[in-house]
Amino acid sequence: MVKRQTLTLITGADKGIGFETAMALGKRGQHLLVGARNQARGEQAINKLHTAGVSAELVILDVTQAGTIATAAKQIEASHGYLNVLINNAGIALDAHQPPSQLPVMTMRQDFDVNFFGLVSVTQAMIPLLKKGAPAKIINVSSNMGSLGLASDPDSRFFQVNSLGYQASKASVNFATIDFAKELQPDHISVNSVNPGWTRTDFGGNRSGEQTVAEGAAQIVKLAADDSPDLNMTFTETAGKLPW
């Protein structure tokens with residue numbers, strides 16, 4: 001039997017960590033489905049990947065729009081019939097470090113729409129395809145700012161952070177990781193959370209980030225390229241495990 005090429009869908013993959021992850025995994029022989037909200041930006045990303053010799057195709061996907069999620073799932077089903085890796089990378093942070101007593105609830109809802117509800121919606125839509133591609137894996141791009149352990153530790157640098165909407169949405173991502181991991185383990189689908197770290201991207205601040213985009217993508221790439229079936233229900237970064 002000829003082994004099928006590993007098929008990987010990455011949301012928000014037209015720039016930043018998502019694009020860097022696509023490039024790195026593509027150079028490892030995976031076929032990338034580049035999820036992007038914007039057609040033009042998505043096509044630019046595909047052209048760059050193709051120029052680098054990466055096998056990739058565009059999937060128009062806005063994680064806040066149920067219609068595009070359903071269409072993306074149908075597109076993948078029709079073109080490939082399976083999915084091996086889902087990387088839930090799309091995310092936003094709109095809080096601007098306002099104190100929780102002043103942060104508008106509407107801003108928090110926007111954080112949750114992308115970071116949590118969007119992630120759950122995409123995951124639910126792709127599970128049938130992941131079951132057909134099993135053993136398969138889901139990698140949720142979370143954040144150390146979503147760690148309850150770090151946020152409540154007076155010795156942690158995150159103790160003084162004010163970003164309730166973003167922090168709570170990423171803590172919810174971690175809980176989604178735990179619940180999906182427990183449900184999908186019998187189907188041979190692993191689910192793990194990854195903290196990429198503060199990275200020099202449009203999202204993290206091109207000048208103020210602590211690391212390069214390649215360093216930010218490193219742990220995601222490691223999990224997506226790892227053939228070990230044993231890693232499940234973890235929250236990690238390049239340096240190791242993180243407290244939930």
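First, what counts as a cavity: on a 1 Å grid over the protein atoms alone, it is a set of points where a 1.4 Å probe fits but cannot get out, and lining residues have an atom within 4 Å of a point. Grid points are joined across faces, edges and corners, and a volume is the space filled by probe spheres set on the points.

Now the provenance. This is a predicted model, so to speak of local features we need pLDDT of at least 70, side-chain atom pairs count only at pLDDT 80 or more, and totals for chains, interfaces and linings use all residues. Residues are numbered from 1 along each chain as its sequence is written, and side-chain values use heavy atoms, with hydrogens and water left out.

Cavities, then. The whole structure holds 2 of 30 Å³ or more. What lines the second largest cavity? Thr-11, Val-63, Asn-88, Asn-89, Ala-90, Val-114, Gly-118, Leu-119 and Val-122. Helix H4 (residues 105–132) gives the largest share of that lining, 4 residues. Helices here are DSSP runs of H or I, at least four residues; strands are E runs of at least two; both are numbered from the N terminus. By class, the lining has 5 nonpolar, 4 polar and no charged residues. The classes: Ala, Val, Leu, Ile, Met, Phe, Trp, Tyr, Cys and Pro are nonpolar, Asp, Glu, Lys and Arg are charged, and the others, Gly among them, are polar.

Buried or exposed? Thr-123 is buried, at 1% relative accessibility. The cut-offs: buried is under 20% relative accessible area, exposed over 50%, partly exposed in between, with a 1.4 Å probe and protein chains only. Beyond its neighbours within four places in sequence, Thr-123 is in contact with Leu-86, Asn-88, Ile-138 and Phe-180. Contact means heavy atoms within 4.5 Å.

Next, charges. How many salt bridges does the whole structure have? The search finds 4. The criterion is a side-chain nitrogen of Lys or Arg within 4 Å of a carboxyl oxygen of Asp or Glu.

Take Arg-41 and Asp-14, 3.1 Å from N to O. Arg-41 sits in helix H2 (residues 39–51) and Asp-14 in the loop between strand E1 (7–10) and helix H1 (16–26), so this pair ties together parts 27 residues apart in sequence. Arg-41 is partly exposed at 34%; Asp-14 is buried at 14%.

Helix H4 comes back for another pair. Glu-77 bridges to Lys-132, with the closest N and O atoms 3.2 Å apart. Glu-77 is in helix H3 (residues 66–79) and Lys-132 in helix H4, 55 residues apart.

Then Lys-131 and Asp-187, at 3.9 Å. Lys-131 is in helix H4 and Asp-187 in the loop between helix H6 (164–184) and strand E6 (189–194), so the pair ties parts 56 residues apart in sequence.

Last, the sheet. It is open, with 8 strands in the order E3-E2-E1-E4-E5-E6-E7-E8 and mixed pairing. The edges are strand E3 (56–60) and strand E8 (240–241), each pairing on one side only. To pair, two strands need at least two DSSP bridges between them. Strands E4 (residues 85–88) and E5 (residues 136–141) run parallel over 4 bridges. Val-85 stands opposite Lys-137 in E5.

Conventions: On a 1 Å grid over the protein atoms alone, a cavity is a set of points where a 1.4 Å probe fits but cannot get out, and a pocket is an open set with protein on both sides within 12 Å along at least five of seven lines; lining residues have an atom within 4 Å of a point.
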